[in-house]
Amino acid sequence: MEAEEAEPAPGFAWLIGAVAWFIPGVGHLLQQKWWRAALMGGAVWICFFVGLGMGGHLFDLWYEGSLSLLRVPPMIADIGTGAPYFVAWLLDYNFKEDPVQAARTTYEYGTAFLWIAGLLNYLTMLDAFDIAAGRKP
Amino acid sequence: MTLFAALASVVFGAMAKDTNQERLLYGLKVFAEFMVIGLVLGWILYFIP
């Protein structure tokens, strides 16, 4: 039995995917999927701000002035939120290795929430991409 | 944990299945699974020093 060949996705779908990653929920908004945008994008934004409010830590590649490969997996999770991550990075918000912040009881929960926000946004992005490519209603 | 389970199950539910009823049921099922597994793991870890 031959495997069914998937049709190549149109350029529009890739653009929607990129926008959906960069601003959570907008990929669905552009396709007039209002409820999906509200539910999925809303969940990502809530997760992100709850994580920040809990004092969670955002990861980049640099630790004490040198490159650290161990920081790649959490950074990939964090960067999934797109623009909010880059805004926080530009403002240097919650990126510092601060022992006072790390001593907060909600620090670990907040960090996990920030990871989850990014990972959920990857799923949201794939959903928006599939809809734009005509693979989903 | 409850907030995490709710947010994750909303996304999982919205992505999966074909009809709204199936999505709602799937989201509720995922939420229940997150909660039950989280509580069970919590109690198991409570007894491990």
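A:N94 is buried, with 21 other C-beta atoms within 10 Å. The structure is a predicted model. A:N94 sits in the loop between α5 (83-90) and α6 (99-102) of chain A. Its phi is positive, about 65 degrees, although A:N94 is not a glycine. Most residues other than glycine have a negative phi.

B:K17 has a positive phi of about 65 degrees and is not a glycine either. It lies in the loop between α1 and α2 (20-47) of chain B. B:K17 is partly exposed, with 15 other C-beta atoms within 10 Å. Why does A:N94 count as buried? Because the cut-off for burial is 20 or more other C-beta atoms within 10 Å, and A:N94 has 21. B:K17, with 15, is partly exposed.

| Residue | Phi | Other C-beta atoms within 10 Å |
|---|---|---|
| A:N94 | about 65 degrees | 21 C-beta atoms |
| B:K17 | about 65 degrees | 15 C-beta atoms |

**Chain A overall.** Chain A has 7 helices and 2 strands. From the N terminus, its elements follow the order α-α-α-β-β-α-α-α-α. The C-alpha trace spans about 55 × 30 × 30 Å along its principal axes. Of the 137 residues of chain A, 36% count as buried.

**The cores.** The largest nonpolar core has 25 residues. Those with the most contacts inside it are A:A43, A:C47, A:A117, A:L120 and B:V11. Two or more residues each come from α3 (34-53) and α7 (107-132) of chain A, and from α1 (2-15) of chain B. Which element gives the largest share of this core? It is α3(A), with 8 residues.

A:C47 shows how the pieces meet. Leaving aside residues up to four places away in sequence, A:C47 touches A:F113, A:I116, A:A117, A:L120 and B:L7. Another core, of 7 residues, lies apart from the largest one. Its members include A:I16, A:A20, A:F129 and A:A132. In soluble globular proteins, nonpolar side chains tend to be buried together.

**The chain contact.** Chain A brings 13 residues to the contact, and chain B brings 8. On the side of chain B that touches chain A, 8 residues are nonpolar, with no polar and no charged residues.

Terms used. Residues are numbered from 1 along each chain as its sequence is written. Chains are lettered from A and ligands numbered from 1 in the order in which they are written. This is a predicted model: local features need pLDDT of at least 70, side-chain atom pairs count only at pLDDT 80 or more; totals for chains, interfaces and linings use all residues. Two residues are in contact if their C-beta atoms, placed from the backbone, lie within 7 Å. Ala, Val, Leu, Ile, Met, Phe, Trp, Tyr, Cys and Pro count as nonpolar, Asp, Glu, Lys and Arg as charged, and the others, Gly among them, as polar. A nonpolar core is a set of buried Ala, Val, Leu, Ile, Met, Phe, Trp, Tyr and Cys residues joined through C-beta atoms within 7 Å. A residue is buried if 20 or more other C-beta atoms lie within 10 Å of its own, exposed if 12 or fewer, and partly exposed in between; C-beta atoms are placed from the backbone. Helices (H or I, at least four residues) and strands (E, at least two) are DSSP runs, numbered from the N terminus.
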